Amino acid sequence: MKRRDPLAAEIDRLWRLLGEIVEEQSGADVRRLVDRIRRFAIRARVGGADLDRERFERALDGLDGASAELVIRAFLVHFRLANLAEERQRVRVLQQRGRAGSGMARDDTLAGVVRTLRGRGLFPDPVAGTAAAIRGLRIHPVLTAHPTEARRRTALMALARVARLLEQHDDPRLTPVAAAALDDRLREELSILWRTAEVRSGSPSPLDEVRTAMTFFDATLYSLVPAVQRALQRATGLAPSDVPAVLRWGSWIGGDRDGHPGVTAEITEQAARIQADHVLRGHEAVATRLMQTVAAIVPADALDRAMTARLFDDAETLPALDATLRRRFPDEPYRRRFGAIAERLRRTRHHVVGDPGPTTGRYAAAEELLIELDEIQRSLRAAALARVADGTVQDFRWQVETFGFHLAELDVRQHAEIHRAAVAALRSGADPAVEIGPGVALAEVLDTYRAIERVRGRFGPAAAGRVIVSFTERPSDATDVLELAAAAMPGGVADIDVVPLFESAASLQDAGAVLAAILAVPAYREHLQGRGDRQEVMLGYSDSNKESGFLAANWLLYRAQARLAAVADAHGVELTLFHGRGGTVGRGGGRIDRAILGQPPGTVRGRLRLTEQGEVVAARYGNAAIALRHLELLVGAVMAADAAAAPAPEGAEALLDALADVSATAYRSLVYDDAGFAAFFRRATPIDVLTGMRLGSRPAARSRAGAGAAAAAARGGSEGSGTAPGASPAAAPAASPAAAPAASPGASPAPSIEQLRAIPWGFAWAQARIELPGWYGLGSAVAAGRASQPAQVDALRDLYRTWPFLAAVIDHAALALARSDLGVARRYASLATGPGDDARWATIEAEHERSVAAVLSITGRGSLLEASPAIARTIELRNPDVDTLSELQVSTLAQLRSLPFDEPRRPALERLVRLTVSGIAAGLQVTG
């Protein structure tokens with residue numbers, strides 16, 4: 001890398017500053033130790049000589065516990081700072097592109113997408129046609145609190161302060177004195193960061209997770225909305241008032257109770273209250289700012305009737321405030337109007353949140369505020385102030401349209417088995433206190449629906465109403481929701497939207513048939529007609545991958561989407577697909593815009609709902625410029641997917657059917673058919689530590705057996721909860737006795753692979769530097785196809801160039817393969833010394849080699865990330881530093897697992913491993 005490279009210079013500067021703080025806080029010897037280990041790691045990685053490797057390992061082996069912790073923390077903080085530096089460089093690049101591309105936008109910007117589509121005749125040019133084309137556009141990110149965010153909220157806030165200092169340091173007008181002052185501030189923040197505990201002392205509560213999400217709302221999401229709308233306006237050439245608010249936000253945080261008995265009806269209501277408090281404070285701040293800025297003098301006799309009437313109403317409703325505003329702004333009616341709006345919003349907040357303070361004159365709903373803003377805009381235009389009406393006032397209007405008074409719709413998610421058990425208990429007249437699932441009583445299930453009704457009544461109809469049914473398998477899984485809602489809130493069942501969630505391989509296979517059966521139920525169809533014939537269906541990316549492997553799961557999802565769209569069209573229903581994507585490639589992560597463009601024709605139609613999970617929220621929305629870029633990519637991809645969608649090329653589906661079948665067979669033969677694999681997985685990864693880390697409030701494993709038993713008992717018999725009829729053996733989840741992984745002596749039994757959630761499953765493989773869920777099975781599939789039909793690879797090369805679906809799949813596999821590191825992974829595999837473990841690891845290595853060869857042969861490239869040199873360079877630069885933490889993790893795990901469960905040294909070793917988990921996650925920039 002060139003010495004003048006701004007990213008390299010910034011990372012080097014931050015490393016030096018961190019070294020100063022390490023020396024201040026822990027002594028010069030520690031700083032020298034960290035520097036020496038870093039040099040050894042680089043030589044071991046770059047030189048590759050056995051002697052260099054031995055020196056590196058000896059340096060780490062000689063560390064006592066206290067020294068090891070200081071080394072780990074130094075590298076962890078270094079990665080935090082390097083991530084901020086890379087983020088800052090991304091912003092610089094975006095800014096440079098923006099300055100250089102004023103005349104010709106890049107193709108993947110919104111302006112570039114619209115220009116390209118218009119050039120191909122796929123997007124209307126006339127204003128009326130353009131307005132109609134985007135009228136139904138809706139992008140709906142949904143924030144979740146899955147336990148993949150390894151950072152505490154305290155650390156996130158400290159890093160945000162450092163990021164602001166780095167941004168200020170970029171100012172070319174900065175004087176040397178000012179730059180030195182910023183560096184002093186940076187040293188102060190680094191001192192705090194160095195002393196900030198990385199490992200949580202206790203598990204966060206669901207409401208802690210809600211408050212963490214609010215930090216991103218306050219920092220970026222609220223102010224981001226006008227920027228997205230302006231980008232869309234400029235791209236289409238429409239007037240601001242003709243551009244609808246295309247963003248809506250959702251949240252599972254405080255509403256997702258699947259396998260999480262800690263999320264109760266009370267928690268859901270408190271989550272809604274916290275959200276409303278934040279958004280109403282945001283609206284109030286904007287109204288106050290407009291009161292201070294829209295200082296146009298307009299004589300009273302020049303105001304239109306609506307504006308005049310509204311000012312009289314303010315005087316009657318808020319007499320004391322009106323007197324103050326008239327005294328301050330006698331000839332500035334818009335300032336008085338916005339001052340009254342700010343006060344009404346304050347009183348609305350007092351009412352909905354329950355804060356002390358006056359509540360008369362409050363808004364009953366966000367629609368009332370929108371009417372007032374419309375009146376102000378018309379009045380401003382009549383007063384020759386159209387620029388103001390279409391400027392900051394329109395920005396405010398978009399924010400109110402987007403967030404309402406609720407901020408984000410709270411989705412309620414529950415497992416189908418809990419609902420089945422609740423319905424059975426309800427029909428049998430059981431005591432409401434009866435437990436129908438682990439930690440879940442019938443009364444709590446019913447109160448969940450009453451909570452939905454209360455949230456809607458207090459915060460607005462858009463604040464809640466979706467009920468997502470995990471592991472939907474049959475029509476009754478949808479109608480059970482209506483039955484429970486009717487029992488809990490007879491007058492509110494019409495407001496419920498039932499969202500089936502298909503996530504297992506078998507359910508994805510049968511998704512179209514199950515949806516058709518649901519829509520054929522007369523009572524459900526009647527309910528849906530009352531909801532405008534709109535049906536949402538959610539697709540789970542995680543469990544299908546964990547069951548079937550990377551390639552098979554991607555193909556199952558593609559096929560399921562096409563079938564669902566066909567069923568919805570046949571029934572005259574407007575379908576919205578909700579994509580449950582995670583952070584890692586194995587859970588649907590990667591370039592989401594590329595994935596959208598690869599969806600089957602007719603499955604997007606201007607509507608996209610997707611989860612933004614765990615650490616992905618911080619990565620995508622922590623910086624305003626990066627967040628804007630991400631949302632522009634989403635909007636542009638949705639527009640392009642509709643306009644340019646094309647069916648799969650001839651023969652492609654049959655080819656993928658064959659590849660997916662071989663891939664799933666290879667994957668399942670390793671993970672499920674081998675009774676010893678679960679124990680190997682536990683020994684060869686830090687899963688035993690991950691399941692005990694306090695990363696989130698959600699348990700690491702589902703108690704599906706408990707829920708199933710409760711449901712069966714309530715019915716008075718047994719009922720299967722697994723494979724849907726007709727599912728192929730390769731796709732069906734194993735009911736095998738996959739042994740619970742072996743634990744440390746005296747430890748409690750670990751969850752089986754079937755019970756383990758997909759998030760810690762993926763997290764563990766990422767920590768072990770192998771990322772198996774992101775590629776395993778691909779190599780076997782391509783190799784088998786080449787052996788039986790040599791021309792198949794040529795066909796795959798053609799499809800890679802012409803079919804966006806396959807291009808996205810292969811490129812995402814390439815990323816996962818590139819991030820894996822067999823050399824380091826072998827060190828983890830060395831921890832697995834059980835019978836057959838060597839053969840299992842040899843199988844994984846061979847499949848990795850086959851998968852790399854497959855990707856290179858399909859793409860025609862010389863290296864996995866040849867087309868992404870920036871990512872390749874980042875991985876290359878980070879690897880030596882991550883190696884240090886990986887080596888310490890492996891050695892500490894070996895010590896930890898050799899000790900009895902009640903050994904006094906265990907807590908200190910567990911702490912070290914947890915620190916390495918955070919450090920490796922920061923270094924690889926990937927968790928679960």
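Student: Why is Glu-401 called partly exposed?
Tutor: Its relative accessible area is 25%. Buried means under 20% and exposed over 50%, with partly exposed in between (1.4 Å probe, protein chains only), so Glu-401 counts as partly exposed. This is a predicted model, in which local features need pLDDT of at least 70 and side-chain atom pairs count only at pLDDT 80 or more, while totals for chains, interfaces and linings use all residues. Residues are numbered from 1 along each chain as its sequence is written, and side-chain values use heavy atoms, with hydrogens and water left out.

Student: What makes Glu-401 and Arg-397 a salt bridge?
Tutor: The closest N and O atoms of Glu-401 and Arg-397 are 3.5 Å apart. A salt bridge needs a side-chain nitrogen of Lys or Arg within 4 Å of a carboxyl oxygen of Asp or Glu, so this pair qualifies. Both residues lie in helix 16 (residues 392–403), four residues apart, about one turn of the helix. Helices are DSSP runs (H or I, at least four residues), numbered from the N terminus.

Student: How do you know that Asp-798 forms a salt bridge with Arg-801?
Tutor: Their closest N and O atoms are 2.3 Å apart, so the pair meets the salt-bridge definition. Asp-798 and Arg-801 both lie in helix 34 (residues 792–802), three residues apart.

Student: Why is Arg-801 called exposed, but Asp-798 partly exposed?
Tutor: Arg-801 has 58% relative accessibility, so Arg-801 counts as exposed. Asp-798 has 39%, and therefore counts as partly exposed.

Definitions and conventions. Helix = DSSP H or I, 4+ residues; strand = E, 2+ residues; numbered from the N terminus.
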